[in-house]
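Dear colleague,

I am passing on the structure below, together with some notes on what turned up in it. Please read them with the coordinates open beside you.

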Amino acid sequence: MTRLDTYDCEDLVLLAKNCSESLVALKVGDCPFKYLVEILRYADRLEDFGGSVHIDESDGNVVVANFPSKMIRSIALSHGSARHILGIRVCPNLEELYTSYAIGDLGLKHVGQICKKLRTVKIEKVHVNGDMLVSHTGLIDLAEGCPELEYLRVNVKDITNDALECIGTHLKKLFDFCLILDHKVEPVSDLPLDNGIRALLGCTKLEKLGIHLRAGGLTDVGLGHVGKYGQNIKYLFLGLCGKCDIGRESDAGLIELLKWCPKLQKLDMKGCVFIQKALATFVLNVTSLRYLWVQAYPISESSDTDYILAMARPFWNMELIRYESDNADAPEGPIQQQPSSLLAYYSLAGQRKDFPDSVIPIYPPVDSE
């Protein structure tokens, strides 16, 4: 567990060569691709690999790295072109794949063709060229090729209703799905995703659902689908869902959501415009709820706080968290603040006493002693 800021990659190759009979797990830092090729040539018993693979763009040759046939888990955050990513041959016994969206659509197509036993896929966001991002095309290839998937979390540059329908059709074992739509690239070809979300919920084993889109990505109709057809959902994350131009227009979706959701325990929202009254109504009616996190909860009048207090119930802690600018270069004047966030959760221990000044306990009241 000692961090090595610098090391000679030749030593890793020597380690793999001398320990080839016993080496089953290897976790490394930033490793040049050419050394990974050598390591994998010797470590033919490797089952678990983790590391950040650095690919030299000046190298025009595509060198193939063959993962051992016993490999079942790979954590490889690769940095390089999609052409080089395809040079990594993923073994057919792979069950877990953690990578960046540098893998691109071509990489996911390659995975879908070979890795039929995949159960877990997580594609994180890193700084790469736009042509290497994952889109609906790669998701479709992955869903059609890997029917054993149970866990899928992915950052995408583009998404369509058809891609979500494909996931709902082929991934019947899926219980954890999170889709994050990148907001800094080209326009999305198919919004809103109401119909796609309805089809996605054909995955009846789904217990955790995360949807972070853009304004207008999921309307009141789509939120209603989540409630009506997501009967087994226990954790729900919504980002920029609902109509975000006027808050009142999003309340219908939230109210429709609360009519169902019999098992919902945790709700996490970011950038969703719901008026406080609708949110209070939701919390009071979804009795299974155990945890609520609302980022950027707007407080403008004392009546807004009254709506928070309307959510009060025994053992239910509620806190407003203020965010203050810590920019030392900011001009002198009033402290710049972002909208507060609301945190609410069940606790048998009562209100915590160790909160910083940025946290305002709302309920239960803090003991004056």
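Y346 has a relative accessible area of 31% and is therefore partly exposed, a class lying between buried, under 20% relative accessible area, and exposed, over 50%, with a 1.4 Å probe and only protein chains considered. The model is a predicted one, in which local features need pLDDT of at least 70 and side-chain atom pairs count only at pLDDT 80 or more, whereas totals for chains, interfaces and linings use all residues. Residues are numbered from 1 along each chain as its sequence is written, and side-chain values use heavy atoms, with hydrogens and water left out.

Y346 belongs to strand β15, residues 337–346; helices (H or I, at least four residues) and strands (E, at least two) are DSSP runs numbered from the N terminus. A search of the whole structure finds one aromatic pair, where rings of Phe, Tyr and Trp (its six-membered ring) pair if their centres lie within 6.5 Å, and planes under 30 degrees apart count as stacked, over 60 as edge-to-face and the rest as tilted. The pair is edge-to-face because the rings of W316 and Y346 have their planes at 65°, with centres 5.1 Å apart. Since W316 lies in strand β14 and Y346 in strand β15, the pair ties together parts that are 30 residues apart in sequence. W316, at 0% relative accessibility, counts as buried.

The charged end of R313 sits over the ring of W316, 4.7 Å from its centre, by the criterion that NZ of Lys or CZ of Arg is within 6 Å of the ring centre and within 35 degrees of the ring normal. Elsewhere, R198 lies over the face of Y229, at 3.4 Å from the ring centre.

Turning to the backbone, F315 has a positive phi, near 65°, although the residue is not glycine, and is placed in the loop between α11 (302–309) and β14 (316–324). A cis peptide bond joins L191 and P192, with omega about 5°, and P192 is in the loop between β9 (176–181) and α7 (194–200). The peptide bond from Y363 to P364 is likewise cis, with omega near 0°, and P364 is found in the segment after β16 (359–363).

Best regards
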